[in-house]
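Please keep the sequence and the structure side by side while you read.

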Amino acid sequence: MLIIGHLPSPFCYTFSMKIHFANPLPMTPEQLLRRAGYAPHYDKKMGKLSYTHKVGREFYPRYHCYVSQTDKVTTFDFHLDQKEASYAGSHMHSGEYDGPTVEREVVRVKDAFRAAARSAGLIDS
């Protein structure tokens, strides 16, 4: 467990490719993710809202984040979508759910979240 700050409760810790925040958050999950370069993505087929961050100019590869919340914790769950589903009728795609590429992205996002909290005056420099 890695605690990276203090709001009134632990700011966040990581487990696998997830970032967990103790609530309340310094801003909405969407605001935090936008600060890290993510945009909302609504999948009409699945009926789910998630967030994506393109690696290049094309739609793939892209980092993908799902957000889940309870009354105590907000979880950001990251993976890398390498390409679109390769066969008809499939919702599955080629993705990386761990490893150094996704780990670097989680570190980058945590740094962006820290900077957002710092600029909001919620944690010290």
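This is a predicted model: local features need pLDDT of at least 70, side-chain atom pairs count only at pLDDT 80 or more; totals for chains, interfaces and linings use all residues.

A residue is called buried when its relative accessible area is under 20%, exposed when that value is over 50%, and partly exposed in between. Side chains of opposite charge can pair when their charged atoms come close.

- Asp81 and Arg62 join their side chains in a salt bridge, with 2.9 Å from N to O.
- Asp81 belongs to strand β6 (residues 73-83) and Arg62 to strand β5 (residues 62-69), so this pair ties together parts that are 19 residues apart in sequence.
- Arg62 has a relative accessibility of 4% and therefore counts as buried, while Asp81, at 0%, is buried as well.

**A pair within helix α1**
- Glu30 forms a salt bridge with Arg34, and their closest N and O atoms are 3.0 Å apart.
- Both residues lie in helix α1 (residues 29-35), where four residues, about one turn of the helix, separate them.
- Glu30 is partly exposed, its relative accessible area being 28%, and Arg34 is also partly exposed, at 49%.

**A pair within helix α2**
- Arg108 and Glu105 meet through their side chains in a salt bridge of 2.9 Å, taken from N to O.
- These two residues are three residues apart in helix α2 (residues 100-119), which means that about one helical turn separates them.
- Glu105 counts as buried at 4% relative accessibility, whereas Arg108 is partly exposed at 32%.

Note on methods: Residues are numbered from 1 along each chain as its sequence is written. Side-chain values use heavy atoms; hydrogens and water are left out. A salt bridge is a side-chain nitrogen of Lys or Arg within 4 Å of a carboxyl oxygen of Asp or Glu. Buried means under 20% relative accessible area, exposed over 50%, partly exposed in between (1.4 Å probe, protein chains only).
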